[in-house]
Amino acid sequence: MPATAKRIEIAAQKQLRPIVRDYFLNLDAAASDPARRVAWCTSIGPCEILTALGFEVYFPENHGALLGARKVSHEYIPRAVAAGYCAESCSYMTSDIGSALAGFSPLTEAFGIAGPPKPDLLVYSTNQCREVQDWWGFFGRRHEVPVLGITPPTHLGDVTAEHISFVRGELARLIDIIETHFGMKLNENHLTEVVARSSRASTLWNQILDTARVRPATFTFFDGLFHMSPVILMRGSQTAIDYYEVLLAEMSMRVRDGVGAVPNERYRVYWEGMPIWPKLREMSDKFFDLRAVVAASTYCNSWAFERFDGGDPLEWMAKTSIAIFINRDERFKQEFLVDMFDRFDIDGAIFHNARTCPNNTNSRFGMAQRLRDEQDRPILVFDGDLSDLRFFSTAQTMTNIEAFIEQLEERKR
Amino acid sequence: MSGPVFVGIDVGSSATKCVVIDDRFSVLGSHVVASGFDYAESAESALSRALAESGASRNDIASCVSTGYGRQHVDIADRNVTEISCHARGVREWSPEVRNIIDIGGQDTKVIRLNERGQMADYRMNAKCAAGTGTFLESIAARLGVPLKEIDALAMTSTCGTVVNSYCTVFAGTEVIERIKGGQPREDISMGIFRSIASRVFEMMPAHDGVCGVTGGVVAHCRAMVRALEEALDTMVYLPPQPQHAGAFGAALLALEFSKTEGSQPSHVARG
């Protein structure tokens with residue numbers, strides 16, 4: 001890469017830091033206020049219901065990602081392993097449990113708070129993985145609070161009316177149990193408003209990701225990992241909508257002006273699977289130096305839900321929670337990937353085989369091989385992990401990526 | 001020496017190889033040294049010896065490409081290119097019919113699939129694990145206290161189909177000891193160790209059709225490794241003239257090609 005090439009910073013991100021800080025400070029304040037309640041929820045769980053019921057919602061998976069991004073997961077995973085959790089089970093879970101056992105949180109350094117807010121309730125959905133039940137179970141016992149969850153049907157081909165009805169029933173029962181336990185009553189109009197805002201934030205997020213379809217791509221996978229926090233943490237809030245309107249305007253300007261995230265973009269890559277949180281900067285720099293833009297990913301797209309156009313908010317929640325990529329069968333996933341490759345004009349795809357995240361790894365049952373055979377696009381599969389660097393070799397992975405770009409270059413010549 | 005020379009230096013985890021060629025692709029000299037602690041020093045040492053064998057001096061070097069894990073530590077290199085691309089280029093030059101390349105190195109094993117035009121169609125490297133690598137072999141030899149050369153010689157006399165089933169270096173060592181305790185002949189156990197590597201390599205290959213070329217230090221020094229691979233693949237494999245130097249040879253060829261196309265080089269290849 002020419003020494004003159006520099007990253008063009010995304011101006012909106014200056015607004016993001018205070019938004020995220022305020023989110024955590026509010027959670028911390030709520031946890032110490034007897035009049036307010038805090039619920040923990042899985043990242044694509046029924047958070048809209050919890051928000052509508054008046055809970056402040058915290059997402060432990062985000063804490064797992066923060067531990068990874070701060071490069072400290074490996075210090076805490078052994079504590080969870082010693083407590084009986086398998087070293088090859090979800091490293092978000094093991095690092096989060098381990099850090100709790102050690103009394104450490106990256107939130108202390110980042111925001112000056114003691115750590116995750118003490119919960120009044122834990123709610124999960126197994127639409128992404130079953131590990132969350134046991135992860136939440138640990139904290140339910142630790143904090144002596146109820147653990148509730150829904151268990152939607154998984155590995156779906158088509159999403160049918162029966163599937164949606166079943167999950168809607170689970171959500172309705174969840175509301176009944178929470179209302180009874182806490183003596184609350186859900187205001188359905190309020191739920192509709194929260195769902196509408198959630199959908200609006202998600203739609204804006206999808207539009208932002210879509211701006212990377214142009215050449216040069218406006219936005220990379222690595223940018224997405226930073227800017228996705230509102231759609232995860234603040235889904236259902238006006239704050240998320242306001243932020244994404246600003247970000248979308250900036251990205252639309254990039255499209256208009258032909259500004260690319262990677263100057264002199266030469267290769268367009270798709271990222272399938274989990275990010276490697278402790279290695280984000282190195283990976284981002286590597287692709288940047290190679291003039292390759294990771295223009296699209298399954299991961300960032302996970303929060304791009306179908307639009308809510310009014311009607312039954314529970315039905316929308318039920319449908320969106322099971323229609324997500326991770327909850328679908330191999331055929332659906334393969335077709336989805338091919339469509340993404342075409343839409344984003346992808347030269348080649350990288351599959352991250354994350355050792356501790358089989359559910360978010362799609363190279364274990366021949367899909368990468370099938371795509372390689374059927375598509376005229378190189379596919380690279382490499383081994384790693386979302387947080388646990390004991391399963392990752394930097395030198396080997398960087399050689400793999402460089403060879404992959406050399407392969408793309410050879411095809412262009 | 002008259003005329004320019006082109007140099008490829010492959011700094012691997014165990015050995016550093018250097019190949020010097022002329023502008024007609026002919027190998028003028030080559031050398032291999034242990035990589036040791038200092039990659040820059042080992043590259044320098046291999047280069048000096050290969051140049052001496054070529055009858056060339058540093059002033060004759062028109063272009064140099066480095067490759068291998070230590071490729072970024074070679075100051076004299078104009079560019080660095082991955083060992084995957086270099087092995088593909090080197091073997092293709094020796095035998096254009098090759099469709100699969102198996103490179104068994106000290107730290108990693110690579111399988112490269114070439115398309116009918118000789119371009120890389122696919123490649124795979126071993127996971128973060130010694131299974132299927134030279135380290136696996138060295139570790140078991142060390143545990144038995146038997147030089148690798150002797151294990152190879154013993155294995156070549158085996159007439160039995162013994163396979164060491166474990167991929168894991170630690171478990172394979174335990175399995176070998178159990179087999180010794182069970183009274184199995186040492187030549188059969190020795191051959192079984194090579195079959196373990198061949199089995200691991202087989203499952204890394206995306207396709208098995210077409211001519212298979214084998215490279216790297218292990219096949220260069222162990223005939224039993226070649227035998228085990230031929231058994232696993234059920235076909236003869238192609239062993240190039242300098243299997244351990246395939247990467248360095250490919251790097252030298254790329255150095256020659258880059259010098260010819262100066263000005264239209266792929267800019268992603270970093271300068272050393």
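Two residues are in contact if their C-beta atoms, placed from the backbone, lie within 7 Å. This is a predicted model, in which local features need pLDDT of at least 70 and side-chain atom pairs count only at pLDDT 80 or more, while totals for chains, interfaces and linings use all residues. Residues are numbered from 1 along each chain as its sequence is written, and chains are lettered from A in the order in which they are written.

**Exercise 1. Describe the side of chain B that touches chain A.**

Step 1. The contact joins 16 residues of chain B to 20 residues of chain A.

Step 2. Two elements of chain B give two or more residues to this side: helix H2 (83-94) and strand S8 (120-125). Helices (H or I, at least four residues) and strands (E, at least two) are DSSP runs, numbered from the N terminus. S8(B) gives the most, with four residues.

Step 3. By class, the side of chain B has nine nonpolar, four polar and three charged residues. Ala, Val, Leu, Ile, Met, Phe, Trp, Tyr, Cys and Pro count as nonpolar, Asp, Glu, Lys and Arg as charged, and the others, Gly among them, as polar.

**Exercise 2. Work out how H3 and H5 of chain A pack.**

Step 1. Helix H3 (residues 60-69) and helix H5 (residues 91-102) of chain A pack at an angle of about 85°, their axes 8 Å apart. Axes are lines fitted to C-alpha atoms, for helices over the stretch in contact, and angles run from 0 to 180 degrees between N-to-C directions.

Step 2. That angle makes H3(A) roughly perpendicular to H5(A), a term for angles of 65 to 115 degrees.

Step 3. H3(A) contributes residues including A:Pro60 and A:His63, and H5(A) contributes residues including A:Tyr92 and A:Ser99. The contact residues divide into five nonpolar, five polar and two charged.

Methods. Angles under 35 degrees count as roughly parallel, over 145 as roughly antiparallel, 65 to 115 as roughly perpendicular and the rest as oblique.
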